[in-house]
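Below is a short briefing on selected side-chain features, grouped by topic.

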Amino acid sequence: YAGQSERFSYYQPLHGDVDFGDNDSRLGYLLLVPAVFKNHDKLFRSLAHIAKPIAVLDIVGGWELPYFLQKRHVRLFSAAVSPRCGKEAARYLIQAGHRKIAYISPFHNSLWSHNRLEGLQEIYKAAGDGHSVYPFTMDYEPKPNMIFRKEAYEACDYKPLMDAYDTWKTKVPDYFHRPMDDLIQWRFLRDIIPYAELQHRLEELFLRILDNNSITAWVCANDQIATWALQYLKKETIAVPGRTSLLGFDDSYDALRDGITSYSFNLHGAIAAMLNFILRPSSIPLRKRPVEIPGMIMERGSVRRI
C-alpha cells in the first residue's frame, strides 16, 4: 500500500511494482519492505531513476545496496535483524547469572533465526568456560502434501467453530457466504492444522530441553514461541522465572500480556532515523549495508537473577 503527507511519501511494496509518481513538493520516500519479499532486484531497479532521498527499511536482514544504487540518495535501514540482537540478549542473560541457556527456534530456515543464534553464541563463547548456548532448532515449513500426525488433527477439533459458521450462514444471503465456504475449509488445511503440528513438534523440543538440568534460561526465536513455551512450562508446573527464565524477541502484545521479557527492535527509532535521512540526507554517510538501529530489552519479570 502507499500513503503520503504533504512533504514525503511512504510505500509498502507487495510485488515489487512501485509507481512513485513525480511530485516536486515531496522531500523523499520511505519504503517499508514486508518480511516475505523476493523481488528485491525489481524493487531496487524501480528506485534507480529517482534523485530524491529514499530510505528503505529492511526487516528481513542480509540486504546490500546493488551497484546501480550506490549513490548518495538511497540508504538501507534495519531494525536489529543482524546478530546484534542476539548479542544484546546474551549480555543481559550473562549479567543475570545464566551460564547455560537454550535457544529455541522452529524457523531456523530463516536468516534472522541464524543471526540470533550466532549473536548468542558469540557472546557466550567470549564469556569463557562454563558458558554455553544449546540450540534446539528445526526448519519447520509446511509444504503441499505434507503428512501431519494424528495428534495435530485431533487438536484441531473445529466442529464448534464450524457450527458457529453454519449458524452465521443462515443469517446472510447465499451469494454472500458461498465464496467463503471453500476459503474456510482451505484455511484449516493451510494454516490451522500446520499450526497444531508445529505445536506438537515444539513440545518435543521442550522435552529435550528439560532433560538438561543445567539450562536455566530459555531464549525463544520470537514472542509467539515464548508464549507457547510459557504455557508448556505452566502445564508441567515449572515456575517461571523461579526455576526457568524465559526471554523472547519482538516486544509483541503477547509478551506484554503474558509478562514475558522480550527484545524490542525499536521500530520507532528506525522510522525516526529514516525520516531524519529524508530531512537531512548528508547526515548518514554512503554505505552498502543497512544502518542498524539498536533495540533494547523490555523487562517484564520472566528472567530472574541467579
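A salt bridge here is a side-chain nitrogen of Lys or Arg within 4 Å of a carboxyl oxygen of Asp or Glu. By this rule the count comes to ten salt bridges. The model is predicted, so local features need pLDDT of at least 70 and side-chain atom pairs count only at pLDDT 80 or more, while totals for chains, interfaces and linings use all residues. Residues are numbered from 1 along each chain as its sequence is written, and side-chain values use heavy atoms, with hydrogens and water left out.

**Salt bridges**

- Side chains of opposite charge can pair when their charged atoms come close.
- Arg257 is bridged to Asp258, with the closest N and O atoms 3.1 Å apart.
- Arg257 counts as partly exposed because its relative accessibility is 47%; the classes are buried, under 20% relative accessible area, exposed, over 50%, and partly exposed in between, with a 1.4 Å probe and protein chains only.
- Asp258, at 23% relative accessibility, also counts as partly exposed.
- Salt bridges that share partners join Asp166, Lys169 and Asp181 into one network.
- Asp166 and Lys169 are three residues apart in helix α5 (residues 159-169), so about one helical turn separates them; helices (H or I, at least four residues) and strands (E, at least two) are DSSP runs numbered from the N terminus.
- Asp166 is partly exposed, at 35% relative accessible area.
- A salt bridge of 3.4 Å, N to O, links the side chains of Asp174 and Arg178.
- Both Asp174 and Arg178 belong to helix α6, four residues apart, or about one turn of the helix.
- Asp174 is partly exposed with a relative accessible area of 41%, whereas Arg178 is exposed at 54%.

**Nonpolar surface patch**

- Trp168, Tyr175 and Phe176 form a nonpolar patch on the surface, with about 360 Å² of accessible area together.
- Patches are made of residues with over 30% relative accessible area and no salt bridge, like charges being joined within 9 Å and nonpolar side chains (Val, Leu, Ile, Met, Phe, Trp, Tyr) within 5 Å.
- Accessible areas come from the Shrake-Rupley method with a 1.4 Å probe, and for residues only the protein chains shown count as cover.
- Phe176 sits in helix α6 (residues 174-210) and is partly exposed at 41% relative accessibility.

- His108 lies in the loop between β6 (100-105) and α3 (111-126).
- His108 counts as buried because its relative accessibility is 9%.
- Leaving aside neighbours within four places in sequence, the contacts (heavy atoms within 4.5 Å) of His108 include Tyr103, Leu117 and Asp139.
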